[in-house]
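Hi everyone, thanks for coming.

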Amino acid sequence: MNIIFKHVSKSFGAINALTDINLEIKSGDFVFIVGPSGAGKSSLLKIILNQYDPTSGEVFLDEHEISSKNKKNIEVIRKKIGVIFQDYQLITDKTVEENIALALDIIGLPPLEISQRVEKVINQVYLNSRRHLFPSQLSGGELQRAALARALAVEPKLILADEPTGNLDAENSWNLIKLIKDINEQSGVTIVMTTHNMDIIQSLDKRIITMKNGQISSDSIIIKKKKKLKKKHTSSKQL
Amino acid sequence: MTPYKNAWHHIRRSPFQSLVAISVMAISFFCLNTFAVVSSGMTSILNYFETKPEITIFLKDGLDKSMVESLQSELANYPNIREIKFISKEKALALYKEQNKNSPMLTEMVTSSILPASFEVSVSNVKVLEQISQNFTAKTSQVEEIIYQKDIIESLLSWTNFIRKTGIIIVSVTSILTFLIISIIISMKITNRKDEISISRLLGASKFYVKKPFIIEGLFYGLIGGFIGFTVNFVLVLIYSNQINVFFNPIIFITQNYQYYLALFAISEVSASFIGYISSWYGVRRYIKY
């Protein structure tokens, strides 16, 4: 799924959460969004999901403009997005299996297909033995895998992950990231992930967007392009 | 998970709230059914008297045959007369004995001489009775007493109207209370499930998708509450109808017509579901805005 931000700003009264964001994320990209707390990372994800409406500017997902004026569009687009929250956002009185099934019921799959897909993703995230447990009976790692399973079940075109490793230990963090990376590489799903975990970011050679005070302070893809251009320029000079 | 399963899930997760909703609905529809049955009984009593307009003219003792015949021909001259029955003293005794055949003590000492002869006049227009009553009351030398049903009908009519009005007020008040209680319970459930609703919306659920289980829940309360209200009333009717009907004999106060109860059941279910639907819809409309 392609994501385009054109001069997007978001303010809450006098506070500017995002200021003049211009951004393009291509289908199949794996992008890390990093930055200190309050930099605007979560606001960026919430605008993609239309939890927030931008104060100004335009956001396009696969050429569909996202705005609260077009509610039907938002519902259709949300069905193509898998979301993983730092606090998991699982429904507490539903089992792991029921939480996953709910996402599939929302996209309108028939019951038989729902059970097949639940089976598939539960095995994919190694939660088979925990499928009938409620969120309160799971560990942090298991909760995050359940949230990932729910996101994967809908076979999304885009996965938004807001600090998915925030509550996990090192081992669980690596396992989760490996799963997400495999999905990105195997299925071409676009991944946008906010994180503070520099070990993970540095270990994967992926695009990194750094945010500060609601603005993009650096974008690794642009830095790479500049380096490439500089290299080309120097080599042509030497010749 | 279908919306029906979801609604059932909500009901099971807060059984006391669900119990309150069903109980209030059941009480409301028990009142409605009871009122309907009593009201139908009152109508039966009224119809009984209204369709049998009669006046009974008791004659003084010692009137000769020609005098009696002259009174009878005078009565026959009134319009809308259906039947004029002369009950002689002997016939009155025979009727008295027939009515009290199970109490020989009451019949032993009675002779025809102590019972008055009378005319039983039935008409097809109640207004004629008024004229007969006025004219024959003036004949004090021939007429002993006149029994005219006007007073009974007027009294019955005022009781029927009172019962109907009271019934309508009770049913309206209980229906409004039911509406308020169910919409409050649904609102509380929505508040309890705020997270679930917002998560579902983030996953792409439409507003209708998240509202549907709550509306189904309201419909469920209506159907079950209406069914319980009707059933309790019907069971009481089955148990007590004979005793009540014996008391009102020959009028059938509690109808034995099962089609009437089938219609009452259908009306109860439809109106209970409607109240359940409207109240849950109101709760949903007020509280699901995200």
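So, what distance separates the centres of domain 1 of chain B and domain 2 of chain B, taken over C-alpha atoms? The answer is 51 Å. Domain 1 covers 3-49 + 154-287 and domain 2 covers 53-148, with bounds that come from an automatic or database domain assignment.

A word on the ground rules. This is a predicted model, where local features need pLDDT of at least 70, side-chain atom pairs count only at pLDDT 80 or more, and totals for chains, interfaces and linings use all residues. Residues are numbered from 1 along each chain as its sequence is written, while chains are lettered from A and ligands numbered from 1 in the order in which they are written.

Now the overall form of chain B. Its C-alpha atoms fill a box of roughly 100 × 40 × 25 Å along the principal axes. The radius of gyration, over C-alpha atoms, is 31 Å, while a compact globule of 290 residues would have one near 19 Å; that rule is 2.2 Å times the number of residues to the power 0.38.

Chain B has 10 helices and four strands, counted as DSSP runs (helices: H or I, at least four residues; strands: E, at least two) and numbered from the N terminus.

Finally, the partner. In chain B, 11 residues are in contact with 16 residues of chain A, meaning C-beta atoms, placed from the backbone, within 7 Å. Helix 8 (residues 194-202) of chain B gives the most to that side, with four residues. Thanks, all!

Terms used:
Contact = placed C-beta atoms within 7 Å.
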